[in-house]
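Visitor: Hi, could you walk me through this one? I'm new to reading structures, so please go slowly.

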Amino acid sequence: MKFTTKLLIWMLAGFVLGSAINLFLGEAAVVQEYLVNGLFHAIGALFINLLKMLVVPLVTFSLISGVCAIGDIHKLGRIGFKAFLLFILTTALAITLAIGTALVFEPGKDFNLETHLPAEVEITVPHSLIETLIDIVPHNPVEAFATGNMLQIIFFSVLFATGLVMLGERGRLMVEIFDKLNEVMMQVVRLVMQTAPYGIFALMAKTFASHGPGLILPMISYFGVVIMVLMVHALGVLMLLLKLLGRVNPWVFLRKIRAAQIFAFGTASSNATIPVTLDVVERRIGVENSIASFVIPFGATINMDGTAIMQGVATIFIANVYGVEMGMSGYLTIILMTVVASIGTAGVPGVGLIMLAMVFNQVGLPIEGIALIMGVDRLLDMLRTGVNVTGDAVVATIVARSENGLSLPTFYDANSEAADALASSHKS
């Protein structure tokens with residue numbers, strides 16, 4: 001059985017079981033304590049911890065190895081510049097599409113606020129853009145690695161690899177060591193992936209057992225518009241960019257990126273999905289390690305297409321609920337703030353609410369309105385993370401194509417899925 005098929009089966013099984021528990025056994029204390037918050041929580045948390053455990057060493061070794069493989073500092077700068085512009089472009093397109101669609105469908109226009117009064121909500125306001133830019137340079141690299149600060153890790157790893165490149169022959173031994181360490185980490189990734197179907201099952205079962213599909217009904221207008229825009233952006237905008245700029249077949253790409261999308265959906269974390277995205281982009285799509293190892297971690301940090309869509313729709317939704325007129329200047333402010341806030345925002349579950357608080361504060365909407373959408377945010381977080389990861393892979397493919405770093409035989413090889421390291425590790 002193919003790995004992606006196995007993932008889908010276990011994911012659907014988790015959805016069905018979780019929904020059934022919520023509908024028929026939701027009030028049973030024994031079920032909640034020992035099954036939902038016991039077994040499912042433990043398995044899901046262990047799986048997430050396994051993925052997070054891989055992120056820092058994998059990104060570090062892969063990035064150092066990749067930069068050394070490039071060997072040309074000017075080429076590295078060119079790759080970084082292209083990736084940054086594309087990530088900003090896709091985020092801007094995402095938020096613009098979200099606001100435009102929300103203005104057409106007007107979610108929240110007939111929402112009865114009195115029957116859904118929001119509870120108190122506390123949201124920590126994120127750092128400003130200036131503080132974020134300053135924080136890119138770690139004052140203590142060890143602390144950056146210990147806390148998993150991805151921008152600081154990327155900065156230090158690129159700087160370290162640049163030093164190795166400049167050493168020339170004297171640094172070759174170290175380069176070879178990091179190449180071997182990178183290979184070892186990829187093997188560890190494949191070992192951890194053997195637990196993936198069961199981890200995804202537990203995460204899905206816990207989520208839907210706790211919240212249930214009925215949670216969506218009071219927020220159906222908001223929920224529906226967000227999902228619609230996510231699908232249009234992922235299957236329309238991103239695939240159009242891939243076709244025009246990457247000059248490859250979008251349908252082949254979508255078929256091969258499924259494993260990373262499923263992981264993103266199950267974990268709701270771009271950072272936790274980095275190991276899988278790297279493996280899929282390199283082995284199935286054919287992007288050179290030297291490009292993928294830089295663009296994918298970079299994208300997990302600054303590319304927030306799905307989150308931008310949620311913010312655009314949520315802002316219009318809350319404005320409609322409270323009867324606040326935004327105006328053109330308000331919409332432009334939302335676009336600007338969302339693009340700026342996406343830079344340096346951690347790719348972890350729930351970060352969209354933190355970014356949303358900053359946007360609300362800037363355009364004068366009540367922060368407590370966030371409590372209205374918090375109930376369905378977990379479900380939407382899973383969906384928008386899948387869009388974020390898809391955007392990361394699209395940009396990596398486009399950049400690789402522009403740098404002659406994309407293996408077209410690998411990309412179009414129909415047998416690459418069967419030969420893929422992930423799939424071959426999970427034959428049933």
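Visitor: Let's begin with Glu106: is it buried or exposed, or something in between?

Guide: Glu106 is partly exposed, because its relative accessible area is 38%, which lies between the 20% limit for buried and the 50% limit for exposed. Please keep in mind that this is a predicted model.

Visitor: Where does Glu106 sit?

Guide: Glu106 lies in the loop between helix α3 (73-105) and helix α4 (129-135), and its phi is positive, at about 50°, although it is not a glycine. Most residues other than glycine have a negative phi.

Visitor: Which other non-glycine residue has a positive phi?

Guide: Asn404 is one, with a phi near 55°, and this residue is found in the loop between α17 and α18 (408-412). Asn404 counts as exposed because its relative accessible area is 70%.

Visitor: OK, zooming out, how many helices and strands are there?

Guide: The protein chain has 20 helices and zero strands, and buried residues make up 55% of its 428 residues.

Visitor: What about helix α12, is it enclosed or open?

Guide: Helix α12 (residues 274-285) is largely enclosed by the rest of the structure, because eleven of its twelve residues are buried. Among those buried residues are Ile274, Val276 and Leu278, and also the charged residues Asp279, Glu282 and Arg284. Just after α12 comes Gly286, which takes a positive phi of about 95°.

Visitor: And which residues touch the most others in the largest nonpolar core?

Guide: That core has 122 residues, and Tyr222, Phe253, Phe294 and Val295 touch the most other members. Helix α17 (residues 370-402) gives the most to this core, with 15 residues. There is also a second, separate core of seven residues, including Val31 and Phe40.

Visitor: New topic: how do α9 and α14 pack?

Guide: Helix α9 (residues 220-246) and helix α14 (residues 305-322) pack at an angle of about 145°, with their axes 10 Å apart, and α9 passes α14 in a right-handed crossing. The residues that meet there include Tyr222, Val225 and Val229 in α9, and Ile309, Met310 and Phe317 in α14.

Visitor: What classes of residue make up that contact?

Guide: The contact of α9 with α14 has eleven nonpolar, three polar and one charged residues.

Visitor: Last one, which rings form a cluster?

Guide: Phe61, Phe145, Phe156, Phe160 and Phe178 are linked into a cluster by ring pairs, and the count of aromatic pairs comes to twelve.

Key. Residues numbered from 1 in each chain as written. Predicted model: local features only at pLDDT ≥ 70, side-chain atom pairs only at ≥ 80, totals over all residues. Heavy atoms only, no water. Buried < 20%, exposed > 50% of the residue type's maximum accessible area, 1.4 Å probe, protein only. Helix = DSSP H or I, 4+ residues; strand = E, 2+ residues; numbered from the N terminus. Phe/Tyr/Trp six-rings, centres within 6.5 Å; stacked < 30°, edge-to-face > 60°. Core = buried A, V, L, I, M, F, W, Y, C linked by side-chain atoms within 4.5 Å. Axes fitted to C-alpha atoms, helices over the stretch in contact; angles between N-to-C directions. Left-handed = near helix turned anticlockwise from the far one by under 90°. Contact = heavy atoms within 4.5 Å.
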